[in-house]
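Hi everyone, thanks for coming.

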Amino acid sequence: MGFKALGLETYPAACAQEASHILRTLTREHDDYAIIYIEENLAAEMSHEIDRFKDSPTPAIILIPGREGSLGLGQNALRSAVERAVGTNILGD
Amino acid sequence: MANTAITPTRMVLNQLKGRLKTARRGHKLLKDKRDELMRQFMDVVRRNKELRTKVEEGLTAAFASQQVASAIMSPEMLEQALLYPRQSVELEMSFKNIMSVNVPRYRFQTKNNDPTEIYPYGFAQTSGELDDALEKLDLVFRDMLELAEVEKTMQLLAEEIEKTRRRVNALEYVMIPELEGNIKYISMKLEENENATKVRLLKVKEMVLQDAHHYKQ
C-alpha cells in the first residue's frame, strides 16, 4: 500500500490465482511495464507463471518479501541462476 | 567414431579439414566468451546478493513501521491518506550490451523532485509513524530498482552462459572428435588406396616384363 504513495502502480491480489491473472493482463495487454514486483507469499504458488519471463528481457519480475518477512524465495532465484550458469552451487550456502 | 557414410575422397578430406579449422576457432572463441561471461556473472551475482539482503531488510523495516502506523490510525484513515499519490515515477529503460547479451538498464524519474512530495496527505490527521514508513519505503525503493536491474541481468546472463557452455561442450566433445575421426578415416583410406595402386602397378610391370622378354624375376 505504501508503494502507491511513491508513485508506483499497485494491484492488490488476495490469492495466487488472482495474482497470476493480474500478471497475465499486465504482461499481455500492455507491455509497457518494465519491472513487476511480486510479494513472495503470492509468488510461491505461481512460480511457473514467473519462470516464463525469466529469459525475456522485459518485464523483470522481482520477488519482494511480504508483510510476514522474507521467505527466502528471492535468494532461491539467485541460487538457481548460479546453478544454471555454473552447473553447481558455488556460493556455499 | 568414424562415420561410414562419408566418401573417402580428397575433396571431402579438404572440406572436413576446413570444417575442423572453423570448429577449433569457434571453440576457442566460445570458450573465451564463456569465461568472460562467467566473470561478469560472478560480479553481478555478488552485487545481487548484497542488494537482495539490503532490500529485504529495508522492506521488513518499512513494513514494520507501516504496521505500527496502521495500529495507531484507523484503517479508513490510512487508506484515505494513501489513496491518491502525489508522486509518480517514470521509468526509462535502455539496453546495455554485455557480451552480446542485451541487459536492461533502468533510470527512473520522479515527477516531483522534492523529497517531501512522497507524502500524499496532510500532516494534521495522520500519525508520524506513517511518515516514517513512507520514508523508509522511499529509501528502499532506489535499491529495489537496482535490484530489479541486477536480477534481470543475472537471469539473462545465466541463460547465455548455459547456452554458451553447451555449445563449447558440443564442439569440444562431439564435433571436433568426430571431425578428427573422419579425417583420420579418410586419410587412412586414401593411403590404403595408394598402396593398392602401387602394388597393382608393380604387379602389372612384372607381367609386362614377362610378356616382352620372357623374363622372370
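Let's start with the buried residues of helix α5 of chain A, which are Gly74(A), Ala77(A), Leu78(A), Ala81(A), Val82(A) and Ala85(A). Buried here requires 20 or more other C-beta atoms within 10 Å of a residue's own, with C-beta atoms placed from the backbone; 12 or fewer is exposed, and anything in between is partly exposed. As a reminder, an α-helix has 3.6 residues a turn, so residues three or four places apart point the same way.

Some housekeeping before I go on. This is a predicted model, where local features need pLDDT of at least 70 and side-chain atom pairs count only at pLDDT 80 or more, while totals for chains, interfaces and linings use all residues. Residues are numbered from 1 along each chain as its sequence is written, and chains are lettered from A and ligands numbered from 1 in the order in which they are written. Helices (H or I, at least four residues) and strands (E, at least two) are DSSP runs, numbered from the N terminus.

Back to α5(A), residues 73-86. At 1.5 Å a residue, its 14 residues should span 20 Å, and the end C-alpha atoms are 20 Å apart, so the two agree. The expected span is 1.5 Å times one less than the number of residues.

What covers the buried residues of α5(A)? The cover includes α3 (40-43) and β2 (60-64) from chain A, along with α1 (10-72) and α3 (128-213) from chain B.

Let's take α1(B) from that list. Its axis and that of α5(A) are 10 Å apart, and the two helices pack at an angle of about 170°. Axes are lines fitted to C-alpha atoms, for helices over the stretch in contact, and angles run from 0 to 180 degrees between N-to-C directions. The pair is therefore roughly antiparallel, a label for angles over 145 degrees. On the α5(A) side, the contact is made by Gly74(A), Gln75(A), Leu78(A), Val82(A) and Ala85(A); α1(B) brings Phe41(B), Val45(B), Asn48(B), Lys49(B), Arg52(B) and Glu56(B). Two residues are in contact if their C-beta atoms, placed from the backbone, lie within 7 Å.

Now α3(B), where we find Ala158(B). Is Ala158(B) buried or exposed? Ala158(B) is buried, with 25 other C-beta atoms within 10 Å. Leaving aside neighbours within four places in sequence, Ala158(B) is in contact with Ala81(A), Arg84(A), Ala85(A) and Phe41(B). Ala158(B) and Phe41(B) are 117 residues apart in sequence, yet their C-alpha atoms are 7.3 Å apart in space.

Let me zoom out. The contact between the chains takes 30 residues from chain A and 44 from chain B. On the chain B side, α1, β1 (89-98), β2 (101-110) and α3 each supply at least two residues, and α3(B) has the largest share, 18 residues.

Finally, the chains themselves. Chain A has 5 helices and 2 strands, in the order α-α-β-α-α-β-α, and 28% of its 93 residues are buried. Chain B has 3 helices and 2 strands, running α-α-β-β-α, with 26% of its 217 residues buried.

Note on methods
Parallel < 35°, antiparallel > 145°, perpendicular 65-115°, else oblique.
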